[in-house]
Amino acid sequence: MNAAIEWLSSQRPAMQAAVATLVDIDSNSHDKAGTDRVAQAMLGWLHAADIDAEHRADPSEGDALLARLPGAQRDAAPVLLMGHRDTVFPSGTVAQRPWRVEGDRAYGPGVSDMKSGLVLQCFVLMALRRLPPLPFPVLGLFTADEEIGSQRGRVAIETHARGARAAFNAEPGRVSGNLVVERKGGATFAIDVAGRAAHAGVNHADGASAIETLARKVQALHALTDYASGITSNVGLISGGLSSNTVAPSARAQLDVRFCSLAQREALFERIRAIVDAPGVARTTATLTQTSEFLPLEREWSSELMQRYKASAAQVGFDVDGEFTGGCSDAGFTASLGIPTLCGVGPVGAKAHTDGEYCCLDTLVPRAQALVGTILGLAQALAIAPIHEACQS
Ligand SMILES: [Zn+2]
């Protein structure tokens, strides 16, 4: 067994303690001090293992922590390990329900999405650090705004992922134990309609109802849903008007659309624009604003890595496959750059974004080992330099 993989087999207590440390730090996406503290804890582990890592002090939320293992060939395309330090839970959640373990399951805010995934990535870096350099660099990139749309995280990801040979995102492994090889992309839009106010009884005809225009558009937007091709279109929030006795001068809808491929995205966005631009009630106008976006992870970018991971998992003793989910993640950004990408490489977990969220602690070590094996496999496939079995320290 490779020395890095063997070392990991002794790290279960350390990994578990590290997850406990991160879970007990509130780190909502808007809690800058919290996501900073998560970065500080991770930096502490990485620096103690003599790994180059930096968290650029940035006064605003959504910044990135970058770790780097140099490669034997400095210019070789790197492998990218990704994760997000933020959670959906408001500050104060830790005080209400801190880290707790029942049998094999650990509970606490963000335990599977994705504090345990962050720990896994750190230990993968630490394990690889114990070997002579791989032919290529290995980067760890840990952002802090995934749960609110990765606006800044996307820039960091696309900067560091460009030209990478592979990307592994530490979203939780599925309940089935599977990885994620295919994800939908998704986007949100705001549709604002401006009309003319008028008294509903005195001079109704002088008004132009923004609500009526919006209502027509909502029907057209919902008609874009096509389950067979995986496209959904949902106006989940709507507001508008002044009072029941006023013709509505304004109205707003918030739209969420999901799609499976970049090709679908282009056509879908075109149709959304056409619906919003189409004439509504006379003297009303509608504008479309895109508010966020995640790109899809298409299977063509994950299938080869999945085969490698499957073989590596078999070597450490577990069987695994890839599956599809309609949920979005940062993995779509790397895949959409044409970078082979696997998602859901984190420890197995479930019920993310709820009080019942848990992580299966028994999967911490084997999944870290399988990921290390997959990366070593990429190095072997290159055959640029032999992989030494010797332990560095
Ligand atoms: Zn997540």
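Here are the stops, with some ground rules to begin.

This is a predicted model, where local features need pLDDT of at least 70 and side-chain atom pairs count only at pLDDT 80 or more, while totals for chains, interfaces and linings use all residues. Residues are numbered from 1 along each chain as its sequence is written, and side-chain values use heavy atoms, with hydrogens and water left out.

**Stop 1**

Colour by secondary structure and you'll find His84 in strand β3 (residues 79–84) and Asp113 in helix α5 (residues 111–129), 29 residues apart, so to speak a link between distant parts of the chain. Helices (H or I, at least four residues) and strands (E, at least two) are DSSP runs, numbered from the N terminus.

Buried means under 20% relative accessible area, exposed over 50%, and partly exposed in between (1.4 Å probe, protein chains only).

**Stop 2: the aromatic rings**

A search of the whole structure turns up five aromatic pairs. Rings of Phe, Tyr and Trp (its six-membered ring) pair if their centres lie within 6.5 Å; planes under 30 degrees apart are stacked, over 60 edge-to-face, and the rest tilted.

Select Trp7 and Phe123: ring centres 6.1 Å apart and planes at 20° make this pair stacked. Trp7 belongs to helix α1 (residues 3–8) and Phe123 to helix α5, so the pair ties together parts 116 residues apart in sequence. Trp7 is buried at 16% relative accessible area, and Phe123 is buried at 4%.

Next, Phe259 and Phe269: their centres are 5.9 Å apart with planes at 90°, so call it edge-to-face. This pair links Phe259 in strand β13 (residues 250–259) with Phe269 in helix α8 (residues 262–277), 10 residues apart.

**Stop 3: charges over rings**

Show Arg100 with Tyr107: the charged end of Arg100 sits over the ring, 4.4 Å from its centre. Arg105 does likewise over Tyr358, at 3.9 Å. The test is NZ of Lys or CZ of Arg within 6 Å of the ring centre and within 35 degrees of the ring normal.

**Stop 4: Thr341**

Finish at Thr341, in strand β16 (residues 341–343); it is buried, at 0% relative accessibility. What does Thr341 touch? Its contacts (heavy atoms within 4.5 Å) include Ala167, Leu297, Trp301 and Leu305, not counting residues up to four places away in sequence. The C-alpha atoms of Thr341 and Leu305 are separated by 7.1 Å, at 36 residues apart along the chain.

Then draw a polar contact of 2.9 Å between the side chains of Thr341 and Thr334. A polar contact is a pair of N or O atoms within 3.5 Å; within protein, one must be able to donate a hydrogen and the other to accept it, and residues adjacent in sequence count only if both atoms are side-chain atoms. The backbone nitrogen of Ala335 also lies 3.4 Å from a polar side-chain atom of Thr341.
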